[in-house]
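Colleague: Hi! Could you walk me through this one? I'm still learning how to read these.

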Amino acid sequence: MKNLGNLMKQAKAMQEKMESLQAELETLEVTGEAGAGMVKVTMTAKGAVQKVKIDPSLLDPEDPEMVEDLVVAALNDAKRRADGAAKEKMSEVTGGLDLPPGMKLPF
């Protein structure tokens with residue numbers, strides 16, 4: 001029973017760390033870029049887009065597709081960075097515990 005008590009304490013501590021991590025990921029911001037930094041997208045590590053910055057020199061009414069493509073590229077870069085930041089923070093909480101493929105902790 002002593003081991004069960006220790007296991008329950010560890011589970012509770014892990015749950016508290018996960019809750020703290022969730023709150024941190026809500027506010028942790030990353031910025032993705034495209035076009036040598038002419039388009040920037042800032043989002044939280046949870047994937048909520050906070051702002052989009054487009055260099056005015058890109059705003060050519062004759063070529064809107066270029067800006068659209070750069071926005072998509074910047075969003076994808078920001079998402080990749082957000083995923084990486086979330087994974088890094090999760091690793092801190094789990095102590096580098098490798099989870100089996102397909103198994104994810106909620107965040």
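Modeller: Happy to! Let's begin with a word we will need: a residue counts as buried when its relative accessible area is under 20%, as exposed when that is over 50%, and as partly exposed in between. Keep in mind that this is a predicted model.

Colleague: Good. So is Lys 89 buried or exposed?

Modeller: Lys 89 counts as buried, because its relative accessibility is 18% and the cut-off is under 20%. Lys 89 sits in helix H2.

Colleague: What does Lys 89 touch?

Modeller: Leaving aside residues up to four places away in sequence, Lys 89 touches Leu 21, Glu 24, Leu 25 and Leu 28. With Glu 24 there is a polar contact, side chain to side chain, at 2.9 Å.

Colleague: And how far does H2 reach?

Modeller: From first C-alpha to last, H2 reaches 45 Å with its 31 residues, close to the 45 Å expected at 1.5 Å a residue. After H2 comes Gly 95, which has a positive phi near 70°.

Colleague: Let's switch to charges. How many salt bridges are there in the whole structure?

Modeller: A search of the whole structure turns up five. One of them joins the side chains of Glu 16 and Lys 12, at 3.4 Å from N to O.

Colleague: Where are Glu 16 and Lys 12?

Modeller: Both are in helix H1, which covers residues 2-27, and they are four residues apart, about one turn of the helix.

Colleague: Nice. Is Glu 16 buried, partly exposed or exposed?

Modeller: Glu 16 is partly exposed, because its relative accessible area is 44%.

Colleague: Which residue does Asp 77 form a salt bridge with?

Modeller: Asp 77 pairs with Arg 80, and their closest N and O atoms are 2.4 Å apart. These two are in helix H2 (residues 64-94), three residues apart, again about one turn.

Colleague: Are Asp 77 and Arg 80 buried or exposed?

Modeller: One of each! Asp 77 counts as buried at 13% relative accessibility, whereas Arg 80 is exposed, with a relative accessible area of 51%. There is also a network of salt bridges that links Asp 77, Arg 80 and Arg 81.

Colleague: What about Lys 79?

Modeller: Lys 79 forms a salt bridge with Asp 83, with 2.9 Å between the closest N and O atoms. They too lie in H2, four residues apart. Lys 79 is partly exposed at 40%, and Asp 83 is partly exposed, also at 40% relative accessibility.

Colleague: Changing topic: which strands run antiparallel?

Modeller: Strand S2 (residues 39-44) and strand S3 (residues 49-54) do, and five bridges join them. For example, Val 39 in this pairing stands opposite Ile 54 in S3.

Colleague: And what happens between the strands of that hairpin?

Modeller: The hairpin has four residues between S2 and S3, and Gly 47 takes a positive phi near 100° there.

Colleague: Last one: where does UniProt place the "coiled-coil region"?

Modeller: The UniProt record, an unreviewed entry, places that feature at residues 4-31. In this model the span is 86% helix and 11% strand, and its end C-alpha atoms lie 44 Å apart.

Notes:
Residues are numbered from 1 along each chain as its sequence is written. This is a predicted model: local features need pLDDT of at least 70, side-chain atom pairs count only at pLDDT 80 or more; totals for chains, interfaces and linings use all residues. Side-chain values use heavy atoms; hydrogens and water are left out. A salt bridge is a side-chain nitrogen of Lys or Arg within 4 Å of a carboxyl oxygen of Asp or Glu. Buried means under 20% relative accessible area, exposed over 50%, partly exposed in between (1.4 Å probe, protein chains only). UniProt positions are given in the numbering used here, feature names are shortened, and annotations may be inferred rather than shown by experiment. A polar contact is a pair of N or O atoms within 3.5 Å; within protein, one must be able to donate a hydrogen and the other to accept it, and residues adjacent in sequence count only if both atoms are side-chain atoms. Contact means heavy atoms within 4.5 Å. Two strands pair if DSSP finds at least two bridges between them. The expected span of a helix is 1.5 Å times one less than its number of residues.
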